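Keep the sequence and the 3D view at hand.

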Amino acid sequence: MNTMMAAHPPAPARHRGIAEDGIAAYIAETVPVDSLVADGYLAGHDGRLIAHQLRAPQLRQAMNSSVCHAVQPDVDSFFQEDGEPDADWKQRRTRTVRDHCTVCPVRAACAELALRDGDTAGVRGGLDPQKLDRRLAAESSRLQRARAADEQAGEEQRARFAAGAEVLQLTGQYLGTGTPQKRRENVAKFREAARRRDELVAAHRRSAGWTAAA
Ligand code: SF4
């Protein structure tokens, strides 16, 4: 597991516990999320580096394979109760991590999502709130960049959907109607909309590691 070799990264990769950011980025860009989960990439140390590279919707997709999603444990076991002595909470959270997080196939994605969301109130990804807060502070610059990239990816996706919807609308409503002059205008509009859509889709595929022709 987590050998970082299945996606044929551009550098020697079978080193347990060693994962260059470039290799992690390559794997995150080229391996579908479901395969990352199935191959155990989002569980261990390497998983942390790969999770850094995933966009928020991919992290949320991975959470569909989490222990919390599968068995829906008692939510209270992940949070310190009001007035609960720290020693009691420590015992409870140790049990929670042992029984759930250590066997969770996506704990790296879970921790990363908590940090991306600034959600450090309870146990996430096998980490208690204090450890999450320490990572939140130590990795603030990286997280800021990741959140900006999430936002940009969201905007690009919305633009692709809008461009596709415009093409569909023009196809369905206007192409065969009106005078010859009007039809020529409609065809020109349709071609321009299709060109915009194809450009956006091609840019997205390139950014995801696909070739333009793939
Ligand atoms: S890592 Fe822990 S908190 Fe996160 S989904 Fe898995 S079991 Fe739940």
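**Exercise 1. Find the helices that line the second largest pocket, then describe the lining.**

Start with the helices: α5 and α7 each give at least two residues to the lining of this pocket. Helices are DSSP runs of H or I with at least four residues, numbered from the N terminus. The model is predicted, so local features need pLDDT of at least 70, side-chain atom pairs count only at 80 or more, and totals for chains, interfaces and linings use all residues. Residues are numbered from 1 along each chain as its sequence is written, and side-chain values use heavy atoms, without hydrogens or water.

Next, the lining has 17 residues; nearest the pocket centre lie Cys68, Phe78, Cys110, Val123 and Arg124. By type, eleven are nonpolar, four polar and two charged.

**Exercise 2. State what takes up the space of this pocket, and what surrounds it.**

The ligand takes the space of the second largest pocket. Its shell includes Met63, His100, Arg107 and Gly125; a shell residue has a heavy atom within 4 Å of the ligand. α5 (67-71) and α7 (107-117) each supply at least two shell residues. The shell splits into eight nonpolar, three polar and one charged.

**Exercise 3. Locate the nonpolar cores.**

The largest core has 24 residues, and Ile27, Leu36 and Val106 are among those with the most contacts inside it. Elements giving two or more residues to this core include α1 (21-30), α3 (45-53) and α7. A second, separate core of six residues includes Ala114 and Leu143. Core members are buried (under 20% relative accessible area, 1.4 Å probe, protein chains only) and joined through side-chain atoms within 4.5 Å.

Terms used. 1 Å grid on protein atoms, 1.4 Å probe; cavity = no way out; pocket = protein on both sides within 12 Å on 5 of 7 lines; lining within 4 Å. Sits in = over half its atoms within 2 Å of the grid points. Nonpolar A, V, L, I, M, F, W, Y, C, P; charged D, E, K, R; others polar. Buried < 20%, exposed > 50% of the residue type's maximum accessible area, 1.4 Å probe, protein only.
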